[in-house]
Amino acid sequence: MEKRKGLISLMKDTKLYIVMVGLPARGKSTVASRLKENLKNDSIKTRIFNNGELRRKMIPNDTSFAGFYDPENKEGMTIREKIALINLERARKYLQKDGNVAIIDATNASLKRRKKIQAQLIDHPILFIECINNDEEILDASILRKIEMPEFEHLSKEEAIQSFKERISYYLPIYTPLKKDTYFIKLDSLNNKIIQEEIKDDIPFYDQIRDFLVTDTLKNLYLIRHGETYFNLENRIGGDSDLTENGLLQAKALAKFFSNKNIPLIFTSQKKRTIQTAEPIKELQKNCTIILLAEFNEIDSGITECMSYEEIRRDMPQVYFERKKDKYNYIYPEGEGYASMKERIDRGIKKALYLSNTSKNIMIIGHRAANRMILSHFLFRREEDVPYIYIPQDKFYYISAVQNRKLFQLKRY
Ligand code: F6P
């Protein structure tokens, strides 16, 4: 008991500022909330101070237009600096009281801003975390998520995209990547990979933070296979078949099952059967977006697309029996195999995690082979067993993978 008390009081006095750095839409907020979630699980009192949120709360005027972010716009600059200072002061007070880690979530892209932060926050160490991601496709998808914010409501989709891209362009000339004069981690925020780190030994909580940054964590992932299709009835593979009456009923049952949970995002493949399964679920949600990812498409079975297993066995016995011999590594002529799908499936998972707040519920609606690969990303299976993982249509997998705890459940809906 005495020892435990000692530990708690030691932690009470351990304090750290984390300052996020990076251009807009580079995953800073996702990383910040993942850190907070994990640190809190370790009983480390953590709070995020987000400049954008504070600006939206405090400033009644429209601050969404791109010109507001122009460094030449004096009024915009004054407001942004004021918000930044208020947040720094709040972070300082939080650590003065009982907080352990204060995360300053903003672009903090210019050297000038970072110097101000260093001048203001002198009572505890500062760790800078720079998020880097220059993948155009991911950036486009992130921008699509950003423009869902109410501040873009008055614009058309195209105008909002344009405005956000213009906003980014104002940051480019002032953006100075971190240099060796600070303690920092540069993170490839799509792949959760540390690109560079500059640390002295006594940064508090460093081991935990580093480990959290490189771990794919997700609180609640619901991995669902699409409902029954006309092709399923005939045992046909691939193609782009519709759901049957029964499949639509399954989708409705799923919708009802999940209606008391908050599902902000549903990732599907580009195939009708996954989208038709997602639509009724979206309908019963308050705020839900369906995002189609080609990465989650079903295995491309090449020259055998749309054939039934019986037809393949009869008309292309070589394909049938060769595949049986080594199902994981076999590649359909002009198509794919499990092993060759791995890269795109992993990329789809990274995309889905990047675009989601991993502390919330995430749903993926995929296919039999695609879901086997998604499942095996989180759950170890020998390669030769992956193509046989049970992926039913009347149940779904619930996966929770947080630091040091993984949970898999096959659940009926
Ligand atoms: O539901 C059928 C299906 O999704 C096909 O489109 C796909 O080719 C097949 O399942 C994958 O399963 P297996 O690798 O066991 O043939």
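This is a predicted model: local features need pLDDT of at least 70, side-chain atom pairs count only at pLDDT 80 or more; totals for chains, interfaces and linings use all residues.
Local features need pLDDT of at least 70 and side-chain atom pairs count only at pLDDT 80 or more, while totals for chains, interfaces and linings use all residues. Residues are numbered from 1 along each chain as its sequence is written, and side-chain values use heavy atoms, with hydrogens and water left out.

Reader: How many residues surround the ligand?

Author: A residue counts as near when one of its heavy atoms lies within 4 Å of the molecule. The closest are Glu298, Tyr309, Arg323, Lys327 and Tyr338, and the shell divides into 5 nonpolar, 2 polar and 6 charged residues. In total, the number surrounding the ligand is 13.

Reader: Which residue has a polar backbone atom 2.7 Å from an oxygen atom of the ligand?

Author: Polar contacts here are pairs of N or O atoms within 3.5 Å. The backbone atom at 2.7 Å belongs to Gly238.

Reader: Which residue forms a salt bridge with Arg113?

Author: A salt bridge is a side-chain nitrogen of Lys or Arg within 4 Å of a carboxyl oxygen of Asp or Glu. Arg113 lies in helix α5 (residues 111-120) and its partner in helix α4 (residues 74-96), so the pair ties together parts that are 32 residues apart in sequence. With the closest N and O atoms 3.2 Å apart, the partner is Glu81.

How values were computed. A polar contact is a pair of N or O atoms within 3.5 Å; within protein, one must be able to donate a hydrogen and the other to accept it, and residues adjacent in sequence count only if both atoms are side-chain atoms. Ala, Val, Leu, Ile, Met, Phe, Trp, Tyr, Cys and Pro count as nonpolar, Asp, Glu, Lys and Arg as charged, and the others, Gly among them, as polar. Helices (H or I, at least four residues) and strands (E, at least two) are DSSP runs, numbered from the N terminus.
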